[in-house]
Amino acid sequence: MSPQVRVDRDRCVGAGNCVLTLPAVFDQDDEEGLVVVLDPEPPAAHAELVARAVQLCPSGAISVAGD
Amino acid sequence: MRTEELPLFPFRSPDDDPFTPVTSADRDRLDAPVTRVRLPTGGWTWLVTRHADVKQLLRSDAFSADMSAPGFPLLRLLPPQSPQNRSGSFIRMDGDAHLRLRRMLTAEFMIRNIARIAPLIDDVVERSLDAMRDAGPPADLVATFALPVPSLVICHLLGVPYTDHAFFQQRSGILLDRSAAPAQVHNAIVELRGYLSDLIQVRRTDPGDDLISRLAVERVATGELEPDELVGMALLLLIAGHETTANMIGLSVLLLLQHPAHLAALRADEDLADGMVEELLRYLSIVRTGLPRLATRDVEIGGHTIRAGEPATALLSLANRDDDVFGDGAGFDPYRQAHQHLAFGFGVHQCIGQPLARAELRVALVRLARRFPGLALAADPAKLPTRDTSIVYGLAELPVTW
């Protein structure tokens with residue numbers, strides 16, 4: 001099973017580090033500028049950048065479950 | 001140790017070296033990664049200097065950013081403040097009150113929307129380079145290029161007339177100067193708020209395609225946002241939007257002139273710009289006085305307990321040189337992976353305008369390198385005037401020739 005990318009929009013502050021890091025997986029919605037996940041089960045090749053997005057998120061809004 | 005015996009904060013760069021954030025004498029006095037330092041306002045603060053500890057502090061909900069609370073680590077005394085003069089200043093708010101206002105702005109500054117204004121940034125940079133060319137050689141790069149670029153862009157985004165830039169730049173300089181007298185700060189706040197309040201009134205009836213107009217029409221007119229709150233939000237964006245990027249451009253150019261191989265590489269290959277900008281953000285860390293907070297409950301940072309009611313200051317500049325995260329943190333290496341830098345802060349207050357700052361820096365440095373291949377310093381680099389008492393560090397002037 002692929003890792004599941006989860007985001008907490010209640011925590012998100014829209015700084016956009018995740019979109020800068022991995023735009024194939026993360027985006028921000030037009031209305032509020034808060035995180036949306038484009039691909040909740042990204043290919044293994046993206047694992048390192050997903051981990052980086054988790055690490056760079058200033059508000060701790062991104063997590064990865066399972067592997 | 002008694003407070004009077006503690007090292008005095010904020011620290012300064014050596015007089016002849018704007019790239020070293022803390023003199024070795026001051027660094028030697030920091031005996032632990034979390035250690036007490038004395039403040040110019042009479043109190044003290046826990047200074048937090050390691051990368052991991054700074055991240056933990058700034059992300060923790062055990063700290064408040066409300067500087068009006070007793071014990072908050074102030075670098076200068078607060079002017080007498082009415083609630084009206086603080087309204088909308090969400091950088092100094094916590095929790096839901098902060099999120100409510102910040103979230104009205106997040107979409108405005110997200111990467112996708114900044115990408116849409118790329119032609120504007122290009123145009124502003126090119127026109128500013130024209131102005132610098134016409135002014136010299138020699139010319140002051142700060143006055144002719146570094147300051148106008150972000151100022152023109154933020155004015156356009158906010159809908160603030162750039163023709164008023166002398167008015168608001170002079171006053172925002174006072175707000176950021178920790179040596180300014182409280183009464184002077186108070187006057188600057190009142191004048192800037194009055195100016196923006198008048199502008200918002202105009203935009204409510206005659207809106208343009210800009211951020212202030214959108215918020216005035218969509219949030220203020222609907223009763224969702226008080227006019228004073230929009231004044232405070234606009235003030236924050238206006239100041240942050242030009243001071244920070246302007247000082248990054250000035251210091252970046254000085255640094256690259258001292259590393260001509262890196263400057264030549266940037267000129268030859270634009271793709272180097274993104275990585276170089278991250279390294280410049282890390283290495284220059286222009287918010288040299290750090291980010292102040294007040295603990296609202298006991299919390300352990302770096303193996304050290306900070307008690308409820310105690311002040312703490314996250315020193316971004318030293319965290320960004322932490323050798324455990326950035327090998328040889330004191331060295332400038334535009335090819336390193338600098339993405340973990342904390343130049344934009346961390347936690348819920350992390351810079352909302354970072355996509356804009358990155359875009360402006362990238363375009364400004366690439367175009368400057370291309371159009372002025374013979375750019376050279378026209379002054380002794382050890383004697384350049386620096387903004388030592390500003391909470392946004394930088395060069396007051398950068399004389400260049402070509």
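Which residue stands opposite T35(B) in strand 2 of chain B? Select T35(B) and look across: L47(B) stands opposite.

This is a predicted model, where local features need pLDDT of at least 70, side-chain atom pairs count only at pLDDT 80 or more, and totals for chains, interfaces and linings use all residues. Residues are numbered from 1 along each chain as its sequence is written, while chains are lettered from A and ligands numbered from 1 in the order in which they are written.

**Stop 1: the hairpin**

Select strand 1 (34–38) of chain B and strand 2 (residues 44–48) of chain B. Helices (H or I, at least four residues) and strands (E, at least two) are DSSP runs, numbered from the N terminus. The two strands pair in the antiparallel sense over 5 bridges; strands pair if DSSP finds at least two bridges between them. They form a hairpin with 5 residues between them. In the turn, find G42(B), with a positive phi of about 110°. Now find R36(B), opposite W46(B).

**Stop 2: strand 2**

Stay on strand 2 of chain B. In a regular strand the side chains alternate between the two faces of the sheet. Here W44(B), W46(B) and V48(B) point one way, and T45(B) and L47(B) the other. A residue is buried if 20 or more other C-beta atoms, placed from the backbone, lie within 10 Å of its own. In strand 2 of chain B, 5 of the 5 residues are buried, so the strand is largely enclosed by the rest of the structure.

**Stop 3: the sheet**

Strand 2 and strand 8 of chain B pair in the parallel sense over 3 bridges. W46(B) stands opposite A312(B) there. Show the whole open sheet: 5 strands, order 1-2-8-5-3 (chain B), mixed pairing. The edge strands are strand 1 and strand 3 (63–64) of chain B.

**Stop 4: two helices**

Select helix 11 (residues 182–205) and helix 13 (residues 227–257) of chain B. They pack at an angle of about 115°, with their axes 9 Å apart. Axes are lines fitted to C-alpha atoms, for helices over the stretch in contact, and angles run from 0 to 180 degrees between N-to-C directions. Residues are in contact if their C-beta atoms, placed from the backbone, lie within 7 Å. From helix 11 of chain B, L192(B) and L196(B) are among the residues that meet helix 13 of chain B.

**Last stop: A234(B)**

Select A234(B). Leaving out residues up to four places away in sequence, A234(B) touches L158(B), L196(B) and I212(B).

How values were computed. Contact = placed C-beta atoms within 7 Å. Buried ≥ 20, exposed ≤ 12 C-beta atoms within 10 Å, placed from the backbone.
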